[in-house]
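Trainee: Before we go through this structure together, could you show me how to read a sheet and an interface step by step?

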Amino acid sequence: VIGFGQTAFKTTRADVGAVELIYEAVSEALADSGLGLDEIDSVVFASAPEVFEGVYEPDRWCVDAFGGAGKPLVRIHTGGATGGSGALTATRLVEAGMYESVLVVGLQRTSETADAQKVFTTIFDPVYEQDVQLNVITGIALVASRQMEFFGLTEDHLAWVSVKNFANALRNPKAHLHKDVDVADVKGSRMLAWPLRLLHTCPRSDGAAAVVITTAELARRHSAAAYVKGFGCAADVYRIGDRIHDDESDFAIPRAQKWACDRAYAASGIADPRRELDVVEVYAPFSNLEIAYYESMSLAPPRRGIDLVESEATALGGDIPVCPSGGCMTSNPIGATGLVRFGEAAWQVMGRAGEHQVDGARTALATACGGIDQFYTAAVLGADAD
Amino acid sequence: MTTTTPVRIPGEWHIPYSYTIGESASAFFGALKDGRILGCRCASCGRVAVPPKNFCEFCFTRVDQLVEVGCEGAIEAVTVVTAPFAGSPDVPYAVAYVQLDGATSAIANYVRGVPLDDLEALPPSLRIGTRVRAVFGPNRAGRITDFWFEPA
């Protein structure tokens, strides 16, 4: 990874159209990489729920803004995991020897439509589930209900994660929400769907991100680079009701994320992620999900995700900081978010994360999730080529 | 330098659909009109999925055995929605996934008959593990909302 660009994330960037947002992120990533557009051999366009933009086939619409004319182009779409899947696809294309340098581009403009949950209702089964008005917030509240019943989750744990992520975002100039939030603010915020409150959730953000991925050989000649040590991804079955629990898994601790992480760890030779990773940029748009993911990323023992909250291990300054950027609880341009996690992890191991840099970070994990806990990607990034 | 006021142009997607649901789902909705709930049993793994479909994604085999499951079951996941979303019923309302007796999967529906006065805490009668029963409305349209759950 030799280049990363991200727009500032905001509720509405009224000064630019959607394709102009892309141009902004791509220009920044290209400048960061030192490559000209003519040195990009292929483009992966990571564009998730286009219902937000209200433009079907956004690849047609956005192609000029990422310089796609004349280049091989693929569009990737795995819901919220889209950005992670895009980075994975670009990495695989380079690994396969098809191209030397690939540009990955993510866009989301969530502000164009008035009600995000109305959009999200349409990702549920129109035959059985839409009539019950499931959406992302209610779906994740259902996850939280199991965490509270079986995994020791309390309102205090939820509040701690929110406070940590808001505090981290104050150090990240690109983050959407910059506000001081304390435990009382979180606990006093409006209940949306028990047990989830407003400050347990993410904002809707406009924004774009872009990453340049190239061969290790070319990266070695570059002033700063992060190296993809391993990548994993996995999907799970569609219906929530078919994966509530069995002898080996629980809907509250997504097994597909464990499958994705296990593959990434195996590919990168990581045996003990808690000790070997220096920093994690997890795609967790709700505070309860971050705690569930501690376990499915194998950072916490089975059923003990809350341990990392109680020991404050995942705070900036803890032994395994999670989302030093503030993560997607403070900026969530959905389809681009996975790419932001990937770019932030790359910056961490390059030592270029600025005010939210984790001192001495050499190995980082970046994840993405999509669907309702259905699609996952996991990437391990390292400071060294070997 | 002049200031430009950003303009927004209104737009709307309104595209009607007619979803073809197949024989298994059609049988399910037909049975709902009779006050019965159908699942399908996989001959290979024995899972009983509710609602039914004509294959098992775990075994990747064809499934053609429809079975009737119980109208009672236990709550597996639950939420009380307190913020109004577009198209949703009046808040507060409760939604749960329930594993019906004889089924190995859970199905989502509204839970009624539970007072939702305190929006800060989950009513004890909605706790995971609580027994509930499917209650069928008088006018059944062959939709999932032909029934809902109430405490058993």
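Mentor: What follows takes the sheet, then the helices on it, then the contact between the chains. Please keep in mind throughout that this is a predicted model.

Trainee: In which order do the five strands of the open sheet in chain A stand?

Mentor: As a general idea, strands of a sheet pair through backbone hydrogen bonds, either parallel or antiparallel. In chain A the order is β1-β7-β4-β2-β3, with mixed pairing. Strands β1 (3–6) and β3 (73–76) of chain A stand at the edges with a single partner strand each, so one side of each has no neighbour in the sheet. From one strand to the next, the twist averages 15°.

Trainee: How many bridges join β4 to β7 in chain A, and do they run parallel or antiparallel?

Mentor: Nine bridges join β4 (residues 101–109) to β7 (residues 206–214) in chain A, and the two run antiparallel; one of the pairings sets A:Arg109 against A:Asp206 in β7(A). Helix α1 (residues 18–33) of chain A packs on the sheet, where its direction makes about 35° with that of β7(A), while helix α3 (residues 82–95) of chain A also packs on the sheet, at about 165° to the direction of β2(A).

Trainee: What area do chain A and chain B bury between them?

Mentor: They bury about 3700 Å², 58% of it on carbon and sulfur atoms, and the contact takes 43 residues from chain A and 45 residues from chain B. On the chain A side, A:Tyr128, A:Val132 and A:Trp194 supply 19% of the area that chain A buries against chain B, more than any other three residues.

Trainee: How many salt bridges are counted between chain A and chain B?

Mentor: The count is six; B:Glu120 forms a salt bridge with A:Arg197, with the closest N and O atoms 2.5 Å apart.

Notes. Residues numbered from 1 in each chain as written. Chains lettered and ligands numbered in written order. Predicted model: local features only at pLDDT ≥ 70, side-chain atom pairs only at ≥ 80, totals over all residues. Heavy atoms only, no water. Pairing = 2+ DSSP bridges. Helix = DSSP H or I, 4+ residues; strand = E, 2+ residues; numbered from the N terminus. Axes fitted to C-alpha atoms, helices over the stretch in contact; angles between N-to-C directions. Contact = heavy atoms within 4.5 Å. Buried area = accessible area lost by both parts, 1.4 Å probe. Salt bridge = Lys/Arg side-chain N within 4 Å of Asp/Glu carboxyl O.
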